[in-house]
Amino acid sequence: MVRIDTVPLVLYAQVSTGASAPTKGTKCPGGQTVNNAACCAWFPVLEDILPNMFDNECGDDAHGALRLSFHDAISFSPSGGGGGADGSIITFNDTELIYAANDGLEDPVATEVPFIAAHNVTAGDFIQFAAAVSLSLCPGAPQVGFMMGRPPAKAPAPDGLVPEPFDSVTSILARMNDAGGFSPADVVALLASHSVAGADTVDPTIPGTPFDSTPSLFDTQIFIEVQLKGTLFPGVDPGQGEVKSAVEGTMRLQSDSLIARDNRTSCAWQALAGNLSGTQSAFKSAFERMAIIGHKAADLIDCSDVIPAPLILSPIDGPHLPAGQNQRDIEQACTAAPFPTFTAQPGPATSVAAM
Ligand code: CA
Ligand code: CA
C-alpha cells in the first residue's frame, strides 16, 4: 500500500523541476517550507544576519554587502582568469583588497568573516546570500533568487577585472560582457544598485556620500538624478572618477554620468527612470546571473525560497525631481523618446545627509 502511494510521488517530483511547477516541499526544523531540504541550513543564517549584521535596515552594512557581491562575482574572465562568485575576495582578501578597485571593501569583508565562520558555509555562497538578503531590507527592491553550492575559491582573482568609475563606457561594456555576457541594458539595470549605495573612498574626505537622494530606498531616483545637469561637488575637491552632481550631498560617478548619456545605453537608462517594476525585473535578472558567474546553475541548488520578500516602496516615495530642480535641468540623451516628466518636491533645494 505504501509503495503504491510512493511511486506517483516520485514521478511527480521528477517532472516538477520547472521553476513554476508546484512542488511537494520539505519542512525545515524551524517550520519553514522549502523545495530542497539543503536550503533549511540558510534559515539560521538569515535569522542571524538580519539583526546582527544588518541591524534590520537598508544602511551601510546592506550597501557594503551588495557591493561586495558584485566585486567578488565580476572578477571573472574566460580568457583572463578569476573564479567569479567564488568568495575569493574574502578567502584571498590579503591579495584582492590591495587592488585599487576594491578600496573600501575592508569593512564589509571584516563584517562578513565571523558570520561565515559561525555558520560553516562557503564564502562564495555567503557573499551572494548576504547580498540577496540585504536587498530584502531596502523598500522597492525585487525579491532576488539565491543559489547555494559554490565550492571554496581556489585562487585570488587577478587585478583589473572590476570596472572603475573613471573607465570609459566602451571599456565598462566590454568588461561586463566578457565577465558575464551582460548586454548594455543589463549594465544599466545593474546600476540600479547605485540607488542603495554611496562612496567612502572616491573622495575620502566625505565617506558615506550617497549616489542618490534616497540611499535607503531601492527606487529609480538614480536614473532621474544622474540625468540632471551637474552643478556641484559634494566635497571640496572631486575624487578620481567623480563628476558634478545635481543634488547637494550626493556624489555622481563619471561612469554613471557617461552611461546615462552614451548612445549605447542612454535609452535603456531613461526607460528605467520612474519605472520601478521595469527596474526590479531587469535588475533581478542581471543580479541572478551575476551571482553565479564562474559556476553552472545545474551544479547549484535553488534556495530562493529562503530570501524574504522585500519591503514595499511607499507611494509617497514615488519618482520625483529633487526640490529646487526643474524638468529643464534634465540633459536629454536618448534620441528615440523624451525623458519622462516628473514633478519636483516642494520647497527649496535641500542637502542629502551622509549615510
Ligand atoms: Ca571572486
Ligand atoms: Ca535610492
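Okay, let's start with a definition: helices here are DSSP runs of H or I with at least four residues, numbered from the N terminus. The expected span of a helix is 1.5 Å times one less than its number of residues.

Before I go on, this is a predicted model, where local features need pLDDT of at least 70 and side-chain atom pairs count only at pLDDT 80 or more, while totals for chains, interfaces and linings use all residues. Residues are numbered from 1 along each chain as its sequence is written, chains are lettered from A and ligands numbered from 1 in the order in which they are written, and side-chain values use heavy atoms, with hydrogens and water left out.

So, helix α13. It covers residues 276–290, which is 15 residues, and reaches 20 Å from its first C-alpha to its last, close to the 21 Å expected at 1.5 Å a residue. Which residues in α13 are buried? That would be G278, T279, F283, A286, F287 and M290, with buried meaning under 20% relative accessible area, using a 1.4 Å probe and protein chains only. Looking down the axis of α13, these buried residues fall within an arc of 145°, so they line one face of the helix; the arc is taken from the directions from the helix axis to the C-beta atoms. An α-helix has 3.6 residues a turn, so residues three or four places apart point the same way. And the partners? The buried residues of α13 pack against α3, α7 (123–136), α9 (184–190), α10 (221–225) and α12 (266–272), with contact meaning heavy atoms within 4.5 Å.

Now the metals. Donors are N, O and S atoms within 2.8 Å of the metal, or 3.2 Å for Na, K and Ca, and water is not among the atoms, so sites may look incomplete.

What coordinates the calcium ion, ligand 1? D72 through O and OD, G84 through O, D86 through OD and S88 through OG, at 2.3 to 2.6 Å. D72 sits in helix α3 (residues 60–74) and G84 in the loop between α3 and α4 (88–91), so the pair ties together parts that are 12 residues apart in sequence. D72 counts as buried, at 0% relative accessibility, and G84 counts as buried at 0% too.

L217 counts as buried at 13% relative accessibility, and so does D219 at 3%.

Terms used:
Helix = DSSP H or I, 4+ residues; strand = E, 2+ residues; numbered from the N terminus. Buried < 20%, exposed > 50% of the residue type's maximum accessible area, 1.4 Å probe, protein only.
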